[in-house]
Each structure stands twice: as structure tokens, then as C-alpha cells.
Amino acid sequence: MARVLTPRAEDFPRWYQDLIAKAKLADNGPVRGTMVIRPAGYAIWERMQAEMDARIKAAGAENAYFPLFIPESYLKREAQHVEGFSPELAVVTHGGGKPLAEPIVVRPTSETVIGEFMAKWIDSYRDLPLLLNQWANVVRWELRPRIFLRTSEFLWQEGHTAHATREDARAYARRILHEAYEDLMVNVIGIPVVVGLKTTRERFAGATATYTCEGMMGDGKALQLGTSHELGQNFAKAFDISYSSKEGGREHAWTTSWGTSTRMLGGLIMAHGDDNGLRVPPRLAPIQAYVMIVKDGDGVGEAAAKLRDGLRDAGVRVALDDRTDTPFGRRAVDAELRGYPVRVEVGPRDLAVGNATVVRRTDGSKTPTPVADVVTAVLAALETDQQVLHDQALANRESRTVEVATLAEAIEAAATGWARVPWSAVGVAGEAEANGQGVTVRCLLRADGSVPDSEDEPDLVAILARAY
């Protein structure tokens, strides 16, 4: 296996690219910065999508769809928004062989177009809250592309809501942050995240507050895995999203937006992958158990099919590999690369004594197991290894996070991991200095680890790191 992937310790970026290629997760698209997500990668995205969609709906939001093309004038209505996105915009100037009367922006995010329709649909306080989500693609022209992490086109969900009060909007933005995003990342993807407030310098263009979920990758860098934004009344005033109050007056709504993307696939790879390939947490895995015929004959095929059926009946997502015309070693390497949580290997020799071999991806252990006990053993391994992957990622984060007192110490610590430093020791000027050395303030926390309402609160802690 050492010859299949570049070792992580030798060259982490090269290992990442090798894994994506060898595990057949994705490929580069024909236009620079675009990607083709292959079936193995898309199957994982579908599982992420299904789990996220269920959580979003549990929070009361409904799915809708809005256009890919947005009039350029829409973006210009909210000054901070267009300023923040201008360098990343793809703009259409011709259609049907003729110049367009107004340039059209290819959707970088949908606050503006959804704001237009919120204004149309909302009339009374009875129409609030309006809770919308869409699954879509977006385009942000990326100068330094990297598959799943930064591409010119990517897939995501984006939620957009309107509320009668600031308090209701804030509560909902935080509900999504914790009940949808944090819950999915920790309990399904198995990445322990730090949840906090972005600084003014780092927050979303046009927002009044941005909340984030930050994960540590295997090389000690940070990855922003999802964000939720309070937009105040900025977009409501720009698009006249207003309503008749109970008292009979006309009030502007308070809005939020929030999103996660295929970047979570990059996080999965970098947080859990090892030198043998991907490791997919069992709750997320499209294939949780992979039954493999080592060599056919002597009833092996029948026994393997029966094991597959038994696992399926027990609620396990299972697949059978009976490609005996392909060498078993090559198939086993491919299964390791793909990160299937458990393999069940069935061959004539083991079967002759009533056994199959249960192989766990987390540690590579191989356990001869009576055929009658395989289903029980697989279920136990899946439950155990979900926690194992989370705990290993948490141990990595804790071992590479240091408490420091000064900005200089924080910048030094960010060379190998994360630094926790008093925000008062950094401040706006210190943040700019850190940025100049490739280090960013990932988020701000209260001393007890909770999420602050403002960066002006006393005694806040800043997390500084290098990031993707």
C-alpha cells in the first residue's frame, strides 16, 4: 500500500490528490477549477445530503429552487454583498448570439434572488417565519482550485429565512448551526468541530454575524465546514422584505442564510484518511459492509450471498464482490482505498472450518469469525468504529492545540496546529498582522466554549490557525 499513495507525513497535499484519484472519488473537469464527482464520491455526497436534508426539515425549513442566473443589478442592491463577491463572479454578457441588455451573474449564492421573492411572498406577520432551503450548484471563480475544497463550481445547500424579530432570526441561525450542522459533523461524519463566531474581518459579505463549524484536518490545518449567518435587516431593506405587524405598522423582516457544501467531502478525507486510503465513518458510509469472495468453489459463492442477505436484513448497507476474475489482492487494496468500514472475506479455506474473516478498516484487524456470528460481529464493529474515528480525530485536535498568551506565540503555534489565545491579545490590528503571515482567526469563543453574540464581549478566546 505504501506504493499506492504518497505517505501523509511525506507530502500531505500529494497524498490528498493521490487518494481522490486512486479511490476514484473525483476528477478535474474540462474547465479549470471545475470537478467531476465520480460515483464513489457522489454516493458519499448523497448520504451527506440525505442526513443534512432530514435535519433541515426537522428544523422546519422547506426545499425550493431558485434560478442559476441572477440579474447583475440584484447584487448591486446590497453594497457589502457585491463588494465581497465581485472578484469571484462569473458573468454572462451574451445569450442567443446577442449581447444582453443587462449582464447576468451565475449564482455565487442566492441571498439576492431569494430576497426578491421573499419580498413578493411576504405581506403579513402571519407569513413569518418563512423558512426556505435549496440544494443547488454555485459558481465562484477560484484562482487556486483544489478538488472538493475550492472549486469554481460546487454543490451545496443554502438556507434562507425571514423572521419578524432579530431574536427569532438569531435563534434560528443558531438552531441550524447546532442541530443541523454540528450534529451532522460530529455524530455522522465523525469530525469534532469547534463552533464559534467569525470576526468582522472574516464574516460573510453583507452579514451582521457569521457562525462557523471548524474542523482540524490530519495535518493540523483548519477547514471551515459550514456557516450560518445573521443578515440583520440589510437584505430586507435592499429588497423591501417587509410585513404588516400585529399593530398594523409596516416593518422590515430580519433574515438569515446558512450553507454547507461538497467541501465536507474534502474534510472527510483529510480528517479520517490514512496512508491506505479513505476511512468512512459507518453511519455515513454508502457501503458499510463489503462481502468479498476470496476464491470461488466449495460453496463459497452461496455462503457469501447468504451473508450479504443476512447483513441486509439486519439493516446494514452491504455489497457483494464476486469478481473472482480479478486478483483478490487488488480488490482488497481497492476496498481499503474506498474506506469501506468492514470487509467480510469468504474463502474455501476459512469456510471449511465454518468461518469468514471480518476485517475492520479503522485498525486493519482481521478476525476469523464463525459464519453464524458474522452479522453480530459486523454490527458491533460498525457501532464501535463510528466512535473510534471521532475519538481519533478529537485526539489529533487536542494534541495539536496549544494555549498561548500572545499573538507571536499564536502565529508560531499555527505552523503545526491551532492556538487558543485571548482575543484581547490579538484584536483587529493583530488579526491583520496574522493574516499577513498566512494565519487566520478561525473563530471566537467564550471562556466556557459557548458561542458569543459579539466580538466585543469581554474575555473571549480566539482560535488561530492556517486553513484550507
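Predicted model: local features only at pLDDT ≥ 70, side-chain atom pairs only at ≥ 80, totals over all residues.
## Domains

Residues are numbered from 1 along each chain as its sequence is written, and side-chain values use heavy atoms, with hydrogens and water left out.

## The annotated stretch

An unreviewed UniProt entry carries the annotation "domain: Aminoacyl-transfer RNA synthetases class-II family profile" for residues 32-281. UniProt positions are given in the numbering used here, feature names are shortened, and annotations may be inferred rather than shown by experiment.

Over residues 32-281 the chain is 32% helix and 32% strand. Helices (H or I, at least four residues) and strands (E, at least two) are DSSP runs, numbered from the N terminus. The end C-alpha atoms of this stretch are 31 Å apart.

## Ser245

Where is Ser245? Ser245 sits in the loop between β12 (242-244) and β13 (250-252). Its relative accessible area is 11%, so Ser245 is buried. Buried means under 20% relative accessible area, exposed over 50%, and partly exposed in between (1.4 Å probe, protein chains only).

Setting aside neighbours within four places in sequence, Ser245 is in contact (heavy atoms within 4.5 Å) with Tyr125 and Glu251.

## Cysteines

A disulfide is a covalent bond between the sulfur atoms of two cysteines. The rule used here asks for a pair of cysteine sulfur atoms within 2.5 Å. By this rule the count is zero.

Cys213 is buried, with a relative accessible area of 0%. Cys443 is buried as well, at 1%.

Helix α8 (residues 263-272) is largely enclosed by the rest of the structure, because ten of its ten residues are buried. Among them are Arg263, Leu268 and His272.

Helix α1 (residues 12-22) crosses α8. The two axes come within 11 Å and cross at roughly 115°. Axes are lines fitted to C-alpha atoms, for helices over the stretch in contact, and angles run from 0 to 180 degrees between N-to-C directions. Phe12, Trp15, Tyr16, Leu19 and Ile20 in α1 meet Gly266, Ile269 and Met270 in α8.
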